[in-house]
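Me: I would like to go through this model and check the terms used for it. Please set each value against its cut-off.

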Amino acid sequence: MDSLTRRIAAPPQDRTDRPLRIAVVGAGILGLTTAWALARRGHRVTVLDGGLIPNPASSSADEGRIIRHAYGTMEGYAAMMPAAFAAWRAIFAETGQDRLVPTRAIYALREETPWQGAVARTQACHGLPFTELDPASIPVLNPDGVIRAMEVGGSGMLLAAPILMDLVRLLPRLGADLRSHTHVAACPEGGPVLADGTRVAADATIVAAGAGVLTLLPEAARRFGLRASLQTVAYLGPPPGLWEEAPMLLCRLPGHPTGGVYVLPPRAGTRLKIGDYDTSLTVDPTAPRDPPRASRVAALLDAGARAIAGFDRYRLIAARHCLYTMAPGDRFVLRPVAPGVTLASACSGHGFKLAPLMALGLAAAVEGHVTREELALWAGGHAASDG
Ligand SMILES: Cc1cc2nc3c(=O)[nH]c(=O)nc-3n(C[C@H](O)[C@H](O)[C@H](O)COP(=O)(O)OP(=O)(O)OC[C@H]3O[C@@H](n4cnc5c(N)ncnc54)[C@H](O)[C@@H]3O)c2cc1C
């Protein structure tokens, strides 16, 4: 682990003797974990969300999220993953609920990529297995076209919906004030301005508004290259007895319009879920997403059939669209946008797993333990591979 990550991941144990008023805009996973990182240090935190808390329309709202040490060629983020796992353990210790379900994860490769060498390096660095399997030995996998099946150790599923609820219960106990149905209209120095013109006075504001940043801070969103992409997921009813022990599958499909699918097995009450890798469709984040577009659902199910064996025996329970807030290079953007105001945007389709660690970084910057420049570079995953 590099020295900056080490510093950020181990904040001072005692509560601060200089509590600040902090406004956090957005109560998705990044906003809630940021509130956690600051409130546990004794800061006076107010979380403002335009919808319900948690908001079912947010990017964080779902049943399960993948967490793994393997981060492909983004080796800076791979280097952060032990600290990210530790941050989750700290949250679970405080909520009293361990919501990480260790789950095997298998990449089904249909072409050679630079991915494999990078993952072999980072898994070895973490002392984790990276094992080639016979594709035919994985009953749920459609082996057609698979040249290699690689299992990456140190993977699991985060139970997203219960985690959000645990944080909503924990934060008031830490002194944080959670305000639902409170739309923020502007974020100048001194604290957010609400839709009715009133101001929430704050020494520092963290804008973790997900795709909402595109309308709340349009100029900054443009400057940092953010956009909203429409994603499709489907929940499936599998044939009985197949998936209880089955792994997560990550299947790129070269040439397929979806780019491929990831498959989360049913665990601890979640449903079997597939989602696509197609991030090409940029949308207005305020546009209605219901009903889901039939062509996108059809493409996802076609990809599912290529990834999963015997797919005609699976039942479609539901499909829906959700948003990724895409950032260049799929990097976190934690950047100042005005004095005392920081934009915090999760990195495209993989922002859940790293949210608590990023939250600790934001808290360290608020307290002056790291500079804004260090925070921005570190969050971009560029500074973490030096140790
Ligand atoms: C289908 C899908 C699958 C994914 N899979 C994974 C995965 O397996 N692993 C992983 O690590 N990540 C995954 N991600 C990514 C991850 O879920 C997101 O990066 C993360 O949840 C984003 O969190 P957030 O808090 O930044 O934004 P959000 O969860 O969108 O929260 C933003 C909040 O801000 C509020 N808001 C917006 N504008 C305003 C305003 N003006 N005033 C007040 N409130 C406002 C919204 O109401 C919302 O509640 C996935 C995402 C999707 C969509």
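Reply: The model is predicted: local features need pLDDT of at least 70, side-chain atom pairs count only at pLDDT 80 or more, and totals for chains, interfaces and linings use all residues. Residues are numbered from 1 along each chain as its sequence is written, and side-chain values use heavy atoms, with hydrogens and water left out.

Me: Which residues come nearest to the ligand?

Reply: They are Asp-49, Asn-55, Ser-60, Ile-66 and Lys-353, out of 35 residues around the ligand. A residue is near a molecule or strand if one of its heavy atoms lies within 4 Å of it. By class, the shell has 17 nonpolar, 15 polar and three charged residues. Ala, Val, Leu, Ile, Met, Phe, Trp, Tyr, Cys and Pro count as nonpolar, Asp, Glu, Lys and Arg as charged, and the others, Gly among them, as polar.

Me: Which helices and strands each supply at least two residues of that shell?

Reply: Helix H2 (29-39), strand E3 (64-68), strand E17 (315-326) and helix H9 (351-366) do. Helices (H or I, at least four residues) and strands (E, at least two) are DSSP runs, numbered from the N terminus.

Me: Why is H2 called largely enclosed?

Reply: Buried means under 20% relative accessible area, exposed over 50%, partly exposed in between (1.4 Å probe, protein chains only). In H2, 11 of the 11 residues are buried, so the rest of the structure largely encloses the helix. Among them are Ile-29, Trp-36 and Ala-39.

Me: How do you know whether Ser-348 and His-181 are buried or exposed?

Reply: Ser-348 has a relative accessible area of 9%, so this residue is buried. His-181 has 56%, so this residue is exposed. Ser-348 sits in the loop between strand E19 (341-345) and H9. His-181 is in the loop between strand E9 (177-179) and strand E10 (184-186). Neither is a glycine, yet phi is positive: near 50 degrees for Ser-348, about 50 degrees for His-181.

Me: Why does Pro-291 count as exposed?

Reply: Its relative accessibility is 67%, and the cut-off is over 50%, so Pro-291 counts as exposed. The loop that holds Pro-291 runs between strand E16 (272-276) and helix H8 (294-307).

Me: What kind of peptide bond joins Asp-290 and Pro-291?

Reply: The bond is cis, with omega about -10 degrees. The peptide bond from Ile-53 to Pro-54 is also cis, with omega near -10 degrees. Pro-54 belongs to the loop between strand E2 (44-48) and E3.
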